[in-house]
Each structure stands twice: as C-alpha cells, then as structure tokens.
Amino acid sequence: MKNLTIKNLTEVCSGIYHGPENIMDREVSSITTDSRKIEKDSLFVPIVGERVDAHRFIEDVMSKGALVTLSERELKNADFPYIQINSSLQAVKDIAEFYLKQLQIPVVGITGSVGKTSTKEVIASVLKEKYRTLKTQGNFNNELGLPLTVFRLREEDQIAVLEMGISDFGEMTRLAKIAKPDTCVITNIGTCHLENLGDRDGVLKAKTEIFQYVKRNIVLNGDDDKLSTVKEYNGMQPVFFGNGENASVTCENVESRGLKGMSCDICLKGKMAENGELQTFHVDIPMPGRHMVSNALAAAAVGRLYGLNAEQIKNGIESLEPVSGRFNMIETDKFMIVDDCYNANPMSMKASLDVLQDGLGRKVAILGDMGELGTDEAALHEGVGVHAGQCRIDACICVGPLAAHIAEKASQTNPDLTVIREKDLESLLKNLNTYVKPGDTILVKASHFMKFENVVKALQEM
C-alpha cells in the first residue's frame, strides 16, 4: 500500500514503535480489523468492541504472517513488531486520511437521509464506464467502515465512491476530514436520527458539515425543500438535479415499468450539457420506484462533472445491478419478494409502499419497527400507516410495538385493507405461511435491528 511503511504508520498514528529498526521502511500489503482475514505482510488493527477485545488475537495474527500490529497497550515480552497507540479507532482514521492523500485520486462522497446506498450504486455504475471505480460495500459508511473502505483502494484505482452515514452532529466533519471529497452528493433531508438531530433543520446542519472539506463540486437534490435553499459554499455553486427551477439535470416522460423498473428522458442543461445546449436521452432504469429516477439524475450530474458523455451515462444507469436487502427482487416458485429489509425510515418506507402498488397478484407489505426517530416515533409510524391505507395494496402485516401504530392508522384510513399485527419476529415467522399465498408480491421492510432478513429467508424456503 503506497507509502504505508511502518515508519510512516508510526508517525501518522503518533505511536511508539516496538521492534527491529531494519524493517521500518517496509510497506504493509493490507490493513484489517478482522483476525480471520490476515494476509502476508498485513497490518492488524485490534478494535476494542462491546463484546470482544481484539487484542486477544494479536499473537495469533502475527503468527499467520502479519507484518506489524497496532496495540492500545504495551505488550511485554512481545517477540514481534508492534506500534503502541492511544486509540485503535483514531489510528484507523488517521491512517485512512494519510493513505488517501498518497493516492491522490478523486473521491465522490455521498450522504443524505434516504437513498445513500442506491445512489452510490448508480453513481459507481456510471463512473465505471470510464474509470476504474471503487465503491463502499455493504454498510461500511461510518467512522470505522469508511477507513476500511479506503484501505481497499490501490494505486490502479482511478476514482472512489464513498458512502457517508451519520447519526449525530460532528460525525460528518470527522468523516469528511478523512475523505476530503472532490465532489459531494446529498440525496435529501429526511426524518432520520431525530433523537440526536432534533428536526430536519438539524439533519440539514449535520449533513452539510461535509461542505467544510469539499474541494470542487456540490451536487444536491433540487426537489428537496431544505437542500434547494443552499446557494453556494466557498465560491462553489451547487449543481442541482431534479425538477426544481434551479436544476440543470432534469427529467421528463417518467414511466413506471412496474417492478421491472422505471423509464425516463434525462435532460442536461447549461454547463451539464456537452455542448452547452439542451441535451436529452432516454434511459431504462432496472430498479423500480420514483426515487430511482432521482438517483439516476444524481448519477448523470456526477458523470458529467467527470467527463462522461450521454451514451456512457445511459449505459452505466442501465447496467445497474441490485444490492441484497436494498429493493432486491427475488422471484421464487411461489412469490415475488421485494427484499428491502436492510433499513427503514418513514420516507423510505412510504416510497417502498408506492412501488409495491405496481406488483402483480396480491400485494402484501410486511413492515416492522423503525428505529432512531426520537420523541415523535409514534407519530412518524402513524404517518406510514396512513400512507399504507391510501396505497393500492391488499394486506399490511405490522410487526413490533412501534409498527402497531402503522397498523392502527392503516386500518382507520382503509377499513377494507387486511391489517395483521404481530408482536415480534418470532411470532410472525410462526404464522407467516398463513398470511401469504402463491402469486403474492411481498414487500419486506423494517429497520436493521428487526432482523427481517429472516423473513426473506423464510419466504424463499416456502
């Protein structure tokens, strides 16, 4: 890994090196916090977790070929090289910041309340049409996950697309300090993490902390009432996507193809157009939901900022592949399962219900509790219930104490809707086969702590 010598690692971490001096100019081959993924000449970073202190694995990983390890404590009688530091987590962040600086490749940083992952996927799919692109995998978007994503980069990579998730003030500043994005994209300002951020104005303040470290471009959803108020930052004029009056990447002729996806014409205006004149091209987005049109517009904006032409942008959008747990369509002999169980908040849950309406057969929503909504959590669940009652669906199965509010309002809004309440996941799984029928289209969605991946698995095994 470029310039990640033991000497530089020690300096970057403000650490104390213990070991032979003659290996200090050797570079580590990889960096991991997982003792099971040790490679020859790697750096091991022992994280102290709630359940496990990874320092207990240090001797084992060194015997497996690691070049050096970090340690938050002095290791008496150690016969291997190690760097003593105050905090493994802080060291990981410091190393990631240093490593990105060595590579000097552009970074696209993506944040927002809803749609970060799907937007990241479309942007990466577009950019790979021209560049060797590395993107965040899974939920590696926090203060540990972001550095671990950075450590996957190599000198041959040409651009990085990094998802950045937060739940409190100050977190985005710390993430942005690591990534120092050339371009930032904010998808929207919604009702997430309100127990820490208070209200949507607090969410806006927390998300826009990213501006402190943006180098060149700010890309914002012009249809969001909060983001549309952003004028400029340090002389950077935002590029807006959407159909707001300031948007330079817009769409028209939007059509749903059911669960097969969306179609629209993307319009590039002004500096986003290749010749400065209005430019329009048609795309078929292979994932359903109006929100995917917005994600495609964001990807088109980023693509143009990095020199892609309309054909490359179109090819990138149309070659998008679904991510497990993120509106992934799973067709079995009996059901069409809409696996959207990775996470949930009121905005994303309503959007998923909207898409469910386009399904074939009976349309069944299995909805669970949404977390981190603060003091208004009951009212926010009730809002989803009202929306469910207004949608053209056949059944709504609500699981958990908070989802009971969804059930209550769904029943009140539409007395003809079949509404079922289950107290927990165990009870749902016990009765699930009595609630669904062959030919159903089934949406599965809840916050991650509800472990609804078990619902998807149960449906697949029926």
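I started at glutamate 372, which is partly exposed at a relative accessible area of 43%. For that term, buried means under 20% relative accessible area, exposed over 50%, and partly exposed in between (1.4 Å probe, protein chains only).

Ground rules next. This is a predicted model, where local features need pLDDT of at least 70 and side-chain atom pairs count only at pLDDT 80 or more, while totals for chains, interfaces and linings use all residues. Residues are numbered from 1 along each chain as its sequence is written, and side-chain values use heavy atoms, with hydrogens and water left out.

**Entry: glutamate 372**

I placed glutamate 372 in the loop between β17 and α12 (377–390). Helices (H or I, at least four residues) and strands (E, at least two) are DSSP runs, numbered from the N terminus. What does glutamate 372 contact, leaving aside its neighbours within four places in sequence? I found Cys192, His193, Leu194 and Glu195. Contact here means heavy atoms within 4.5 Å. The C-alpha atoms of glutamate 372 and histidine 193 are separated by 4.9 Å, though the two residues are 179 apart along the chain. I also noted a positive phi of about 60° at glutamate 372, which is not a glycine. Most residues other than glycine have a negative phi.

**Entry: serine 14**

Serine 14 also has a positive phi, about 55°, and is not a glycine. I located serine 14 in the loop between α1 (6–12) and β1. Its relative accessibility is 64%, so serine 14 counts as exposed.

**Entry: the sheet with β1**

I then followed β1 into its sheet. The sheet is open, has five strands in the order β1-β5-β4-β3-β2, and shows mixed pairing. Two strands pair if DSSP finds at least two bridges between them. Which strands are at the edges? They are β1 (16–18) and β2 (31–32), each pairing on one side only. β1 and β5 (residues 82–84) run antiparallel, joined by three bridges. Isoleucine 16 faces glutamine 84 of β5 across that pairing.

**Entry: strand β20**

I counted five of five residues buried in β20 (residues 441–445). Four bridges link β20 to β16 (residues 336–339) in parallel. There, isoleucine 337 is opposite isoleucine 442. β17 (residues 363–368) also pairs with β20 in the parallel sense, over five bridges. Leucine 367 is opposite lysine 445 in that case.

**Entry: α3 against α6**

I looked up the packing of α3 (residues 88–103) on α6 (residues 171–179). The angle is about 40° and the axes are 7 Å apart. Axes are lines fitted to C-alpha atoms, for helices over the stretch in contact, and angles run from 0 to 180 degrees between N-to-C directions. That makes α3 oblique to α6. Angles under 35 degrees count as roughly parallel, over 145 as roughly antiparallel, 65 to 115 as roughly perpendicular and the rest as oblique. Lys93, Ala96, Glu97 and Leu100 of α3 meet Arg174, Lys177, Ile178 and Ala179 of α6.

**Entry: aromatic rings**

I finished with a search of the whole structure, which finds one aromatic pair. Phenylalanine 211 and tyrosine 233 are tilted, 5.4 Å centre to centre, with 50° between the planes. Rings of Phe, Tyr and Trp (its six-membered ring) pair if their centres lie within 6.5 Å; planes under 30 degrees apart count as stacked, over 60 as edge-to-face and the rest as tilted. Phenylalanine 211 is buried at 5% relative accessible area, and tyrosine 233 is partly exposed at 27%.
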